[in-house]
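Here is my note on the model you passed on for reading.

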Amino acid sequence: MAKKRKLDPARTRPLTLEFLRDLGELKEFAPPAGDFDPLGAWTHTYRLWLVQRRLGGGVLVLRREPAKGGVRLTADLAVAEHTGYIRKAKAVVECAADALCTPRAWTLESQGFDADDKPIRGTKVTERGTIANGVLETRFGDRSRKQKVPLPVTCEWSLLDAVQRLPGPKTKPMAFALLEELDLLKPEQRLEFRETKGFTLSERTLPLTGYQQVGRGVLPWQYWVDAQHRLLFAFGGLRAYIYDPTAAEWMQQKLDRARARTRRLKGAKK
Amino acid sequence: MKEQAQRTWTRRDVLKAGAAGAATVATRRAFSAPTRRKPNVLLVITDQQGLDTLSALGCTDAHTPHMDSLCRRGVAFRESYSANPLCSPARSSMFTGRPTLETGVVYNNRPIRSTVPNMGQWLREQGGYETVYAGKWHLPQSFTPAIPGFDVIATGIGGQGGVCDAGVSRACQGYLRTRSASSSKPFLLVASFLQPHDICQFVSMHAKSGEMVFHDMVKDQLPPMPPNHGFDPREPHAMSRKPRPKWTEAQWRYYLWNYYRMVEMVDAEVGRVLQALEDSGEADNTLVVFTADHGEGRGRHHLVTKNYLYDEAAKVPLVVAAPGAARDRQDATHLVSGLDVLPTVCDYAGVAPPTHMHGFSLRPLLEGKGTWSREYAPAEVTITGRMVRTPRYKYIAYKRDPVEQLFDMRKDPGETRNLAPDGSYASTLAEHRKLLAEWEAGLDVAPVPLPKWAQPRKPRTKKQ
């Protein structure tokens, strides 16, 4: 009788901090030390963990710099699959210095790369965009398009910044529209305080404050910040961002293994 | 049932068969000679999306503005059936116009029979199309850089639509934006998304624990229970192995809420592709077909996922927006099938379809001209399951299974009362058995090795 494939334990319970810990996915997690100013300049690196962890993963590097009259946010996202394919998206977003870190102007590039890290033809997208007076204008090449957006509006990377400035239990629920990857409009989002709790990890208890977001076109998100208001964990349905300054090396190792496997398979086919 | 000699489909075969196919079609009905530039074709496929999940088709649990906009641009078919409500099989029929018994893809992870050309091969060779594929294929591999007849834009991250679908829509956007406007060739672009298939992960993650992490925040938004959550237990034995979680009502409704968010997620990705098509300036000369491989249980008959023949799994969206055809129309009369996708695409492309088609071009229904002759929609499932859907009834039977099902779809659209054992329906049952037998007798069945799980076994009996 054929051997029944065993279900990956990662797919046996809903995603929570405790479940990630029980799976051993936070074994290497080192709580960041030192002061943190959510209003200052900072860089956070996150490991993108997928419930289908055998098939892929990624890295998100988020940088915040106070700029004249606002904030500059840079998001570098790389998502890789087990074959070595990787999609990279980079956005440089000029934002308002407001509660939602509202995007005002940006450039975004997205491109796919193959198992040899070569750009895949036809996958490159470059866009520039602005939002002013409830109108989103997107420019690409020599063309542009305009679209009305409900206000307030923000993007998923701005939210990762914004939750670090929320006042914990005193947070009033916030309603807004989401512009995912700065072009997919998802209205009727709601973000609110969830709970504060001590999260035990390697015999140490981290005081965490949690927020949660639900809305159209997204699976619910949870955001967990530490006592310094630094965002350590964010979960959205079947994926998690885990604070991890070594995430780039982690992904490189994963990619090297994936690419070696792909080369082996190609060799075997020949 | 006859069997063709096994051989691999080559470019020469496509050209030769094209000439034969053209002759066949010419005798059947006058083939519309293209009077203008050949239209482009955009085929958008989602995974595990039931028909009644679009706001435009009356769904109040999800908001699907982009799919709705497509309904306004074309015709939405409300009696649309998957040829086999499972990923690989359904796709094999969609891309070949042939039932899965003929494509050889009667279960997942099988390739299309080598003698059967797919849509990409056919349109590239017969129509001179530039054929491009982005996203899930699953014939046999889910995501692969090599699909016969297509240039594949690798988009990756199989298994998780919430992450990979952005790669698919971005790839299509990139293609449509960078494709040379002066290109002399029309294009066939396939955008094949994975959502709302992530519901499978949700089901495994919640099957045992039932933990509802976000329930408190969404408890006032949960969709109601389906009216046919209960079902007639006189089911074929094959159904006893289908997934029926033991959830509370709150858990069922929470699962539904999550499913509809996944539908909205893929709606946004579809929107990105449709917007890119508009931006390309080619929208007015593009045939857009939107469909799905199969549906999702959604608690109807106490079921989740797919791979059975009740409507929640077997009915899929099929929306066609064609240049010069009807707009903003819903067709609730005609029985259509995934088998019809390729013949329709060929018709608009001005290309005779391959021989042995079991589907029909939808063009007469889209343009209100010509005749439409389908008497019933057939479907298959799990190797031995068969369905015949006539305008009034649905008949389901599994080989070597004494239990048959017959539903009056007009009086009982939820398929809750099996009429097969009711003697007053004996003649209806006999008619449907006959239709099924005739349909099967006309098939050129592909030889397929039976996997272990499909070997005949005794029905389960309760211990005394």
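**Notes on the predicted model**

1. In this predicted model, 55% of the 464 residues of chain B count as buried, a residue being buried if 20 or more other C-beta atoms lie within 10 Å of its own, exposed if 12 or fewer, and partly exposed in between, with C-beta atoms placed from the backbone. The secondary structure of chain B comes to 13 helices and 14 strands, where helices (H or I, at least four residues) and strands (E, at least two) are DSSP runs numbered from the N terminus. Among contacts in chain B between residues at least 6 apart in sequence, 71% join residues at least 24 apart; two residues are in contact if their C-beta atoms, placed from the backbone, lie within 7 Å.

2. On conventions, residues are numbered from 1 along each chain as its sequence is written, while chains are lettered from A and ligands numbered from 1 in the order in which they are written. Since the model is predicted, local features need pLDDT of at least 70 and side-chain atom pairs count only at pLDDT 80 or more, whereas totals for chains, interfaces and linings use all residues.

3. Chain B is divided into domain 1 (11–361) and domain 2 (380–453), with bounds that come from an automatic or database domain assignment. The C-alpha centres of the two domains of chain B lie 24 Å apart, and their contact takes 32 residues from domain 1 and 25 residues from domain 2. On the domain 1 side, α4 (100–103) and α10 (311–314) of chain B are the elements that give two or more residues, and α4(B) provides the largest share, four residues. By class, that side has 16 nonpolar, nine polar and seven charged residues; Ala, Val, Leu, Ile, Met, Phe, Trp, Tyr, Cys and Pro count as nonpolar, Asp, Glu, Lys and Arg as charged, and the others, Gly among them, as polar.

4. Eight strands of chain B form an open sheet of mixed pairing, in the order β5-β4-β6-β1-β7-β8-β2-β9, two strands being paired if DSSP finds at least two bridges between them. At the edges stand β5 (151–153) and β9 (329–331) of chain B, each with a single partner strand, so one side of each is left without a neighbour in the sheet. The twist averages 15° from one strand to the next; for angles here, axes are lines fitted to C-alpha atoms, for helices over the stretch in contact, and angles run from 0 to 180 degrees between N-to-C directions. Within the sheet, β7 (residues 286–292) and β8 (residues 318–321) of chain B pair in the antiparallel sense over four bridges, and Val289(B) stands opposite Val320(B) in β8(B). Packed on this sheet is α9(B), which touches β1 (40–46), β6 (187–192) and β7 of chain B and whose direction makes about 170° with that of β1(B). Helix α11 (residues 341–349) of chain B lies across β1, β7 and β8 of chain B, running at about 175° to β7(B).

5. How do α6(B) and α9(B) run relative to each other? Their axes come within 9 Å and cross at roughly 5°, and the two helices are therefore roughly parallel, the term for angles under 35 degrees. The residues of this contact divide into nine nonpolar, five polar and five charged. Another helix, α7(B), is mostly covered, with six of its eight residues buried, and these buried residues pack against α9 of chain B.

6. The contact between the chains takes 42 residues from chain B and 45 residues from chain A. On the chain B side, α6 (161–178), α7 (199–206), α8 (215–218) and α9 (249–280) each supply at least two residues, and α6(B) gives the largest share, eleven residues. That side of chain B has 14 nonpolar, 17 polar and eleven charged residues.

7. A second open sheet in chain B has four strands in the order β11-β12-β13-β14, with antiparallel pairing. Five bridges join β12 (residues 385–389) to β13 (residues 393–398) of chain B, and Val388(B) has Tyr395(B) as its bridge partner in β13(B). Helix α13 (residues 426–441) of chain B packs on this sheet, touching β11, β12, β13 and β14 of chain B, at about 65° to the direction of β13(B).

Technical notes:
Parallel < 35°, antiparallel > 145°, perpendicular 65-115°, else oblique.
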